[in-house]
Amino acid sequence: MKLDGKTVLITGASSGIGRELARQLTEKNCRLVLIARREERLQELLKTLPGKSEHVYFICDVANQEQVTAVCRKLHEDGITIDIMVLNAGVSRYFLVKDFSVEDFRYTFAVNFFGVLYFIEQLLPAMLQRNAGTIAVVSSLTGYRGMPKAASYAASKAALSNFIESLRIDLWKTGIKCVLISPGFVKSEMTGDSSSPKPFFMDTDKAVQRIIRGLENEKTEIHFPRRLSWLAKFSRLFPDKFYARLMYNKRKAE
Ligand SMILES: NC(=O)c1ccc[n+]([C@@H]2O[C@H](COP(=O)([O-])OP(=O)(O)OC[C@H]3O[C@@H](n4cnc5c(N)ncnc54)[C@H](OP(=O)(O)O)[C@@H]3O)[C@@H](O)[C@H]2O)c1
């Protein structure tokens with residue numbers, strides 16, 4: 001797929017992966033629709049982007065369906081057609097069994113899962129009409145198997161990964177592509193704390209280069225870093241008790 005001249009909507013564009021993606025996509029001559037809650041961050045980013053007058057930004061909480069609907073309505077009114085959506089906004093909270101709270105899950109799913117669905121609900125009909133478009137969701141390697149202290153995050157990403165895989169089947173004979181992006185540990189605000197170990201920690205620009213190469217090569221899944229992602233995939237074959245003991249011991253050692 002040629003990215004040149006495409007209009008790309010990015011959620012979570014104010015920092016980390018989304019921000020770097022915006023930067024690298026302008027080098028590919030893309031027009032951007034940037035979405036996040038922190039306006040000053042988006043304004044500051046826009047100032048640094050080449051062709052800044054072409055790009056637009058919206059302040060929007062992706063967990064708020066009305067706000068997402070309003071953004072998509074405005075795009076429609078302004079005649080902006082989205083070629084590619086990269087639904088990247090996400091949050092991660094440490095999960096501690098002793099503080100078990102359903103509210104934690106509601107919050108994480110509201111952003112990581114429903115925040116994706118709201119955009120697809122709004123933008124898919126136009127893609128179906130044109131029989132063209134790309135829906136890319138940023139999930140995580142934690143979507144493959146349960147992880148310690150990450151029950152709400154891992155569950156939301158597993159739901160997201162499974163969702164996009166299902167949608168891909170339903171859209172198989174159409175011109176719409178569904179892309180699953182599964183990063184390992186990448187430098188960003190989310191991984192800013194230095195306390196927990198982050199094997200194969202990747203620089204943001206390298207991670208985004210992988211994403212862009214994957215989009216250009218029309219991959220169904222873009223996963224990295226290679227060694228960790230293959231290990232995560234392979235771990236699905238591990239017997240459950242073996243996997244639980246392995247992760248438990250790993251956590252104890254931290
Ligand atoms: N970094 C990693 O190691 C890693 C690994 C696997 C997957 N991921 C996934 O990659 C994606 C990007 O994360 P990141 O690492 O780049 O973290 P980040 O630097 O914390 O960026 C998260 C982005 O999401 C936006 N966001 C959060 N809640 C939002 C909401 N309610 N409405 C709108 N925007 C919201 C934030 O913008 P505002 O706060 O301005 O709204 C920010 O731009 C996430 O989905 C994350 O789960 C990251």
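Alanine 159 counts as partly exposed, with 17 C-beta neighbours inside 10 Å; a residue is buried if 20 or more other C-beta atoms, placed from the backbone, lie within 10 Å of its own, exposed if 12 or fewer, and partly exposed in between. Alanine 159 is found in helix H5, and its C-alpha atom is separated by 23 Å from that of threonine 174, 15 residues apart along the chain. This is a predicted model, in which local features need pLDDT of at least 70 and side-chain atom pairs count only at pLDDT 80 or more, while totals for chains, interfaces and linings use all residues. Residues are numbered from 1 along each chain as its sequence is written.

**Overall fold**
- The chain has 8 helices and 7 strands; these are DSSP runs numbered from the N terminus, helices being H or I with at least four residues and strands E with at least two.
- For 254 residues a compact globule would have a radius of gyration near 18 Å, and the chain agrees, with 18 Å; the radius is taken over C-alpha atoms, and the globule rule is 2.2 Å times the number of residues to the power 0.38.
- Along the principal axes, the C-alpha atoms of the chain fill a box of roughly 55 × 40 × 35 Å.
- Of the 254 residues in the chain, 37% are buried.
- Among contacts in the chain with a separation of 6 or more, 67% come from residues 24 or more positions apart; two residues are in contact if their C-beta atoms, placed from the backbone, lie within 7 Å.

**Helix H4**
- Helix H4 (residues 102–130) has 29 residues and reaches 40 Å from its first C-alpha to its last, close to the 42 Å expected at 1.5 Å a residue; the expected span is 1.5 Å times one less than the number of residues.
- At alanine 110, H4 bends by about 45 degrees, the bend being the angle between axes fitted to the seven residues ending there and the seven starting there.
- The buried residues of H4 include Thr108, Val111, Phe113, Tyr118, Phe119, Leu123 and Met127.
- Among the elements covering the buried residues of H4 are strand E1 (7–11), helix H3 (65–77), strand E5 (133–138) and helix H5 (151–170).

**Ligand shell**
- The ligand is surrounded by 30 residues, of which Gly12, Gly16, Arg37, Gly90 and Ser188 are the closest; a residue is near a molecule if its C-beta atom, placed from the backbone, lies within 6 Å of it.
- Helix H1 (residues 16–27) gives the most to this shell, with 3 residues.
- The shell divides into 13 nonpolar, 12 polar and 5 charged residues; Ala, Val, Leu, Ile, Met, Phe, Trp, Tyr, Cys and Pro count as nonpolar, Asp, Glu, Lys and Arg as charged, and the others, Gly among them, as polar.

**Backbone exceptions**
- Most residues other than glycine have a negative phi, and most peptide bonds are trans.
- Asparagine 29 has a positive phi of about 70 degrees and sits in the loop between H1 and strand E2 (31–36).
- Asparagine 29 is partly exposed, with 14 other C-beta atoms within 10 Å.
- Glutamate 218, in the loop between helix H6 (204–216) and E7, has a positive phi of about 55 degrees.
- With 10 other C-beta atoms within 10 Å, glutamate 218 is exposed.
- Phenylalanine 224 and proline 225 are joined by a cis peptide bond, with omega about -10 degrees.
- Proline 225 is found in the loop between strand E7 (221–224) and helix H7 (226–234).
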